[in-house]
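Visitor: I am new to this. Please show me the model, and then I will ask about it.

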Amino acid sequence: MCGITGIFAFNQIGSFYMINLGKSMELLTHRGPDGRGTFIDDLIALGHRRLSIIDTINGRQPMHDQASRYVITFNGEIFNYKKLREELVANFNCTFNTESDTEVLLNAYIHWGVECLSKLSGFFAFAIYDKQAHEIFIARDRFGVKPLLYYKDEDKFVFASEMKALLAYNVPKEIDLTSVQQYFTLGYIPEPDSIFKDIKKVAAGTYMLVNKKHTVSRRYYQIPEAIKRNQSDSFEAASQKVQELIDVSIQDRLVSDVPVGAFLSGGIDSSIVVATASKHVEKLNTFSVGYKDAAFYDETKSAELVAKTFNTNHTSIILSNKDIADNIMGCLESMSEPFGDTSSLPLYVLSKHVAPSVKVILSGDGADELFGGYNKHKAEWLVKNPTLQLQCARLLHPLLKLFKGGRESEWSDKLRQLNKLNNGLHLSDAERYYLWCSVFPAGEQKQMLLLQNQNEAGYNARKAGILRRFANTKYDLNLVLHTDMELVLGSDMLFKVDSMSMANGLEVREPMIDYRLADYVTALPSDYKVNSKGTKLLLKNAFKDVLPEKILSKPKHGFDIPLTQLFSKDLKNWIVNELLEEAFIAKQGIFNWKYINILRSDIIKNNKLDEAQLWSIIVFQFWWKKFMA
């Protein structure tokens, strides 16, 4: 796992910007603390920061092929590199100077071209420069585990693993107001767009070929657009297949020349990863995070049960409110684009504690989107299959909506969920999905932002793109899961995991989104995943004889963190007097002061606060002060 950056100049004007390569690389040091390397030629400059995982001695980059025609800078891991190496030797008589996956990837592109991408098992973002053709090929893995951003004008093409490393080349910083509106709707900015108009993200499963004359961008992998049905396997047969595919995926992700550990939240997904990995690694190192001052958020007892069951070397990291407060600035500093997912903070703290012990960690991310594990997936099923439970929720709605609910207790969280359920009952399938993904519903966002109607057509076009599956296909719950795989997994979960872990020099591997597993599960009937019995049924059934019953029957608990006390006490003055200060708000021209002033009053009086909404504003304001002030 590493950080990459580069500039491909189309002329001498563009070449002047090559002087910024060193600055860009320094801003990626946290992604690759083990080494740095550069390749600089007439109109090309490539940089690499290295976190040594495979062939720690000889895998330095940028790396040339033996004929010195091609040069690569690569971020990621290719798990099947040994098999690909054997194919390259057998078919093309290739010789290798290292034991690295980088050299295998470079030769795979040389001999197979674009087709090499379909052969790769792993996650990656890389750039290969062809000196003879004077063009650059860049690609990103199927699900977008590894980030890659770019900027292109008539003089140059610039790319980097992170926004701040791209901004080091002095590219324009014009705010995209449509992206701002998307951010406050969803809590993040979906790819391929970014917070800036002219900076884009290479979409997951996409490659680009760039030269002076043109830029080609094509998808080589796509999460299903339509519902593909695989009726050949029964539920039990599919369960067995899923267990086998997860086992293979985890074995692949244990390939490393340094120790591998695992995050263990105590939920089903991470427990399955730990249970399976423990078959192949004796005394696996596992890590969980808990909260001293907030029992509702603490899952360490469940994690410790799993650790004891599978005899892992377990560490529980118990945080106080002071510990959380002490790490907020570090978490915010690591974001070079606004990103409002509150679970970023515990992940940042957990990664910070884990990084000194291991360089590589397994996680259960992706299982909720793939197998249907979110509360909204159960709610979707209820909407289409009304029960007495749903009827009661409808009848109680006039009363329930008087109480906002929150995340500080089980009852408050249930109230929050019921209100969100009721608010979506009478909407179309697409609008209901969008509402349940939203941090700020449209009505409240209109009260908060001054941006409404400034680019309504652009915002609606992006929204239609996100919801396109609902317009093109008869409703099926798999539409929701497939959209989540693209939107939530790609632009929220994987971005969060990469940015928070790599801020601490830690590589995270997600076996639940191996493409072989995803291709199989996405084509299975939706009622294998969610039905009257609950959520994530296929996955639970696959491991019913492996996991403790207490873990299998445990209700969904998000990776949340107690923030209300911090906002209303520890951080109150900073939020009110700096981030939400009247002159600053007026200068920005983003927010309606009347809305912000009411929010300030609620913080001061310690009124009921929506943690997710306030965190989104805090992140945005901190980011603005750092990058735009």
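**Charges, fold and cores**

Guide: The protein chain carries 75 positive and 74 negative side chains, and the centres of the two sets lie 3 Å apart. Lys and Arg count as positive, Asp and Glu as negative, while His and the chain ends are not counted; each charge is placed at NZ of Lys, CZ of Arg, CG of Asp or CD of Glu. This is a predicted model, where local features need pLDDT of at least 70 and side-chain atom pairs count only at pLDDT 80 or more, while totals for chains, interfaces and linings use all residues. Residues are numbered from 1 along each chain as its sequence is written, and side-chain values use heavy atoms, leaving out hydrogens and water.

Visitor: What share of the residues is buried?

Guide: Buried means under 20% relative accessible area, with a 1.4 Å probe and protein chains only. Of the 629 residues in the protein chain, the buried share is 63%.

Visitor: Which residues have the most contacts inside the largest nonpolar core?

Guide: A nonpolar core is a set of buried Ala, Val, Leu, Ile, Met, Phe, Trp, Tyr and Cys residues joined through side-chain atoms within 4.5 Å. The largest one has 155 residues, and those with the most contacts inside it are Phe-184 and Val-242.

Visitor: Which residues does Val-242 contact, leaving aside its neighbours within four places in sequence?

Guide: Contact means heavy atoms within 4.5 Å. With those neighbours set aside, the partners of Val-242 are Phe-371, Leu-517, Tyr-520, Val-521, Leu-538, Leu-539 and Ala-542.

Visitor: How many helices and strands does the protein chain have?

Guide: Helices (H or I, at least four residues) and strands (E, at least two) are DSSP runs, numbered from the N terminus. The protein chain has 28 helices and 17 strands.

Visitor: What does the C-alpha trace span along its principal axes?

Guide: The trace belongs to the protein chain. Its span is about 75 × 60 × 50 Å.

Notes: Buried means under 20% relative accessible area, exposed over 50%, partly exposed in between (1.4 Å probe, protein chains only).
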